[in-house]
Amino acid sequence: FLSVPTVVQLSSIAYVDLVFAFYAFLAFGSLFEYFRERSAVWLMLSGLFAGGSWAVKYTGMQYTMLLFVLVLLEHLISRRKKISPFVLLLPLISFVVVFPYLVRNWVATGWPLFPFNLGPFPLTSGLNWDIERGSLFLKWLSGFGSGGDLVDKLLAPILVFVRGEFGNLDRFDGVAGPVFLLVPVLLLLYKKSRESWLIILFTVLLIYYWAFTTQQLRFLLPVLPILAYLLAEGLQRVGKRPLVYRAWALVVWNLAVGANEAFKGNPARFWTGRESREQFLTARVMGYPLYQESNKVIGECGRVAKVFLVNMRNFGYLLDCPW
């Protein structure tokens with residue numbers, strides 16, 4: 001997972017996707033502990049972590065629903081006569097965790113799911129946002145990836161591992177690497193347990209949910225730890241050295257691509273003193289001069305300034321004073 005080039009890229013900036021993937025994976029792991037032990041404590045933990053992912057990113061809501069669907073499917077596969085009412089703990093606790101954030105949004109903007117106008121709530125007057133902007137934003141999110149027709153969406157879960165490219169919206173705006181394509185090959189070579197089938201089922205659901213929504217690679221990150229687990233399990237069970245060597249070669253390739261992206265800004269010049277911090281950040285961070293100009297306008301710290309961001313990236317940490 002740590003060798004994935006997009007993970008390497010995101011590790012160097014203040015962004016939410018790795019935190020989201022962390023909570024999502026904990027929710028997934030806790031749910032499988034529930035399948036093993038049938039203890040409601042694990043369901044509660046799964047709900048807690050799913051709520052954590054939802055509080056980080058709205059897609060945690062759909063992730064929570066997919067976890068709940070998996071609980072119901074596990075019940076059908078296991079052919080149990082009765083389903084425990086405790087399974088409702090997962091979505092209920094998840095909602096309890098995110099509820100304060102929704103209330104905060106509602107108080108501040110009028111929309112609980114701001115910037116999206118879901119529900120009958122009116123937007124607070126004076127905000128530089130409206131329903132049209134919200135719909136344009138959703139349209140922009142759906143513009144990533146291989147294409148809009150059904151065939152493209154069906155093929156996206158394969159193409160994303162071989163055609164990914166940084167900064168190219170048509171190529172998923174990121175790189176995961178082809179090593180994960182070994183997973184279906186390995187799965188064909190050994191007898192799978194009920195647990196393995198459930199993991200495969202959830203992975204397929206998650207990948208195709210991604211393929212039919214926004215095909216930006218960072219939204220696929222919650223799947224990658226699960227695929228990494230399936231890859232490790234498959235290599236261990238199959239035990240064929242040529243496959244192991246190929247897997248390691250592809251991991252090394254991933255690391256090389258990630259390192260190339262991480263060092264694209266040539267930090268060696270900054271580390272050796274041949275380039276100042278300002279020169280390095282101006283070349284690497286889009287909009288950096290705008291934040292430097294804001295620091296000059298704000299002036300001495302001691303008062304809270306109001307800054308209207310010129311772009312949508314979260315580079316507020318480049319401002320020196322409270323704002």
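Modeller: A helix here is a DSSP run of H or I with at least four residues, and helices are numbered from the N terminus. Helix H10 covers residues 223-238 and holds both glutamate 233 and arginine 237. They sit four residues apart, about one turn of the helix. Keep in mind throughout that this is a predicted model.

Glutamate 233 and arginine 237 form a salt bridge, with 3.5 Å between the closest N and O atoms. The cut-off is 4 Å from a side-chain nitrogen of Lys or Arg to a carboxyl oxygen of Asp or Glu, so this pair counts. Their exposure needs one more cut-off: buried means under 20% relative accessible area, and exposed means over 50%. Glutamate 233 has 10%, so it is buried. Arginine 237 has 43%, so it is partly exposed.

The count comes to nine salt bridges. In one, the side chains of aspartate 17 and lysine 57 meet at 3.1 Å, N to O. Aspartate 17 lies in helix H2 (residues 17-37), and lysine 57 lies in the loop between helix H3 (40-56) and helix H4 (59-78). The two are 40 residues apart. Aspartate 17 is buried because its relative accessibility is 2%. Lysine 57 also counts as buried, at 13%.

Arginine 38 is in the loop between H2 and H3, while glutamate 74 is in helix H4, 36 residues away in the chain. Glutamate 74 has a relative accessible area of 1%, so it is buried. Arginine 38 has 33% and is partly exposed.

The structure holds one disulfide. Cysteine 301 is joined to cysteine 321, with 2.0 Å from S to S. Both cysteines are in the segment after helix H14 (288-298), 20 residues apart. The torsion about the S-S bond is about -85°, so the disulfide is left-handed. Cysteine 301 is partly exposed at 47% relative accessibility. Cysteine 321 is buried at 8%.

Next, a polar contact at a buried residue. Threonine 6 lies in helix H1 (residues 5-10). Its relative accessibility is 2%, so it counts as buried. A polar atom of the threonine 6 side chain lies 2.9 Å from the backbone nitrogen of valine 175. Beyond its neighbours within four places in sequence, threonine 6 is in contact with Phe166, Gly174, Val175, Leu217 and Leu221.

The backbone has some points to check too. Phenylalanine 172 is not a glycine, yet its phi is positive, about 75°. It lies in the loop between helix H7 (150-159) and helix H8 (182-187). Phenylalanine 172 is buried, with a relative accessible area of 0%. Aspartate 173 lies in the loop between H7 and H8 as well. Its phi is also positive, near 55°. Aspartate 173 is partly exposed at 23%. The peptide bond from phenylalanine 114 to proline 115 is cis, with omega near 15°. Proline 115 is in the loop between H5 and H6.

That loop also holds proline 112; it runs between H5 and helix H6 (131-141). Proline 112 is buried, at 15% relative accessibility. Its contacts beyond four places in sequence are Tyr58, Leu102, Asn105, Trp106 and Phe121.

Together with Phe95, Phe99, Val103 and Val107, they make a nonpolar surface patch of about 570 Å². Tryptophan 106 lies in helix H5 (residues 89-109). It is partly exposed, with a relative accessible area of 46%.

Key. Residues are numbered from 1 along each chain as its sequence is written. This is a predicted model: local features need pLDDT of at least 70, side-chain atom pairs count only at pLDDT 80 or more; totals for chains, interfaces and linings use all residues. Side-chain values use heavy atoms; hydrogens and water are left out. A disulfide is a pair of cysteine sulfur atoms within 2.5 Å. Buried means under 20% relative accessible area, exposed over 50%, partly exposed in between (1.4 Å probe, protein chains only). Patches are made of residues with over 30% relative accessible area and no salt bridge: like charges are joined within 9 Å, nonpolar side chains (Val, Leu, Ile, Met, Phe, Trp, Tyr) within 5 Å. Accessible areas come from the Shrake-Rupley method with a 1.4 Å probe; for residues, only the protein chains shown count as cover. A polar contact is a pair of N or O atoms within 3.5 Å; within protein, one must be able to donate a hydrogen and the other to accept it, and residues adjacent in sequence count only if both atoms are side-chain atoms. Contact means heavy atoms within 4.5 Å.
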